[in-house]
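This report describes a metal site, aromatic ring pairs and charges placed over rings. The sequence and structure come first.

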Amino acid sequence: MRIRIASWSSSSLLILAFAAACAGGQASRGSGGEGPGAATGCAASGTLCWDFEQGTMPAGWTAARDEFQGQLLVDDTRAHQGRYALHARQLVGGKEGSQGGPKKTIRFELPAGFGPVLWGRAYVYTTPERPVSHAGLFNARYPRPGSTERAFDTLDWYEVATYQQKYMSIWHPPEPPGFPEWVQVSGTPLVLDEWTCLEWLFDGANGSEPEAAEPRVWLNGVELEWPERFVFSDPPTTTRPVREKAENFTVMETGVFLYQGLSVPTDWWIDDLAVGTQRIGCGPR
Ligand SMILES: [Ca+2]
């Protein structure tokens, strides 16, 4: 099955896209097709891609968090490719160091049977300053082992974010409270004022290992390292969370979500967002 959804503006179009994808038969595959190095683009089986070129919020995405000031919309103020991108516009509210911050997000229910391994790719542009606060950009969630619960607040989840002006990734138990969580902070400052390609691998299967894998993230094709790794909890604990294994990712969320305040009005653009079960890569589609 080949699923490529570059632009659709209604659920009927979505169905057509799926039907066309299935009718397309054998999809072209990336060279090799296995291992973290094989980038497949949007052509690979099961890959979902959004370029936002319909100029409005794509079908299937629903408004989720809306806290403090700012706006999340599709507009033509800046694009990685084409004319449009998802724009978190002028987010501001709360104070650095205090819990609570601007959150503007959308969510998407993944197709049933997506599987326990989720690769992602997005181009991200941030301006004018690097937030100190925890600023989430993307997360994907899955039911706890053996659980039939599907409500958002019952799900384990992985996250890609920035924190203290650097890239960060996290594994979380269900939110709220979302902790104790396993935090990895990179030594790489958030890139400002240019498009960057972020890729992530959330391997909730992790072969025969007893726990789901730690998240992995690449910036412009280079894997980030995590000199700071720690458990966060409130109240604090030194006991690491057990990263429960996944059977299927069920839902994902993007936009921008700050867990502490943001005093500088900040803009983010996200374009050419894609998720799949194989590495998508940063290359042209
Ligand atoms: Ca675009």
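## Charges over rings

A charge sits over a ring if NZ of Lys or CZ of Arg is within 6 Å of the ring centre and within 35 degrees of the ring normal. R65 lies over the face of F257, 5.3 Å from the ring centre. The charged end of K103 is placed over the ring of Y259, at 4.9 Å from its centre.

## Basis of the model

This is a predicted model, in which local features need pLDDT of at least 70 and side-chain atom pairs count only at pLDDT 80 or more, while totals for chains, interfaces and linings use all residues. Residues are numbered from 1 along each chain as its sequence is written, and side-chain values use heavy atoms, with hydrogens and water left out.

## The calcium site

Donors are N, O and S atoms within 2.8 Å of the metal (3.2 Å for Na, K and Ca); water is not among the atoms, so sites may look incomplete. The calcium ion is coordinated at 2.3 to 2.6 Å by D51 (O), E53 (OE), Q81 (O), Y84 (O), D271 (OD) and D271 (OD). Along the sequence, the donor residues follow the spacing D-x1-E-x27-Q-x2-Y-x186-D.

The angles among the six donor atoms run from 51 to 157°, and the site is irregular. Four donors count as tetrahedral if all angles lie between 85 and 135 degrees; four count as square planar and six as octahedral if opposite donors are over 155 degrees apart and all others between 65 and 115; anything else is irregular.

Buried means under 20% relative accessible area, exposed over 50%, and partly exposed in between (1.4 Å probe, protein chains only). D51 is buried at 8%, whereas E53 is partly exposed at 27%.

## Aromatic pairs

Rings of Phe, Tyr and Trp (its six-membered ring) pair if their centres lie within 6.5 Å; planes under 30 degrees apart count as stacked, over 60 as edge-to-face and the rest as tilted. The count by this rule is 16 aromatic pairs. One of them, Y125 with W195, is edge-to-face, with 5.6 Å between centres and 65° between the planes. Y125 belongs to strand β6 (residues 117–127) and W195 to the loop between β10 (181–189) and β11 (196–203), so the pair ties together parts 70 residues apart in sequence. Strands (E, at least two residues) are DSSP runs, numbered from the N terminus. Y125 is buried, at 9% relative accessibility.

Y158 and F202 form a stacked pair, 4.8 Å centre to centre with 5° between the planes. Y158 is in strand β8 (residues 156–163) and F202 in strand β11, 44 residues apart. Y158 is buried at 0% relative accessibility, and F202 is buried at 0%. Ring pairs join F138, Y142, Y158, W200, F202 and F249 into a cluster.

Conventions: Helices (H or I, at least four residues) and strands (E, at least two) are DSSP runs, numbered from the N terminus.
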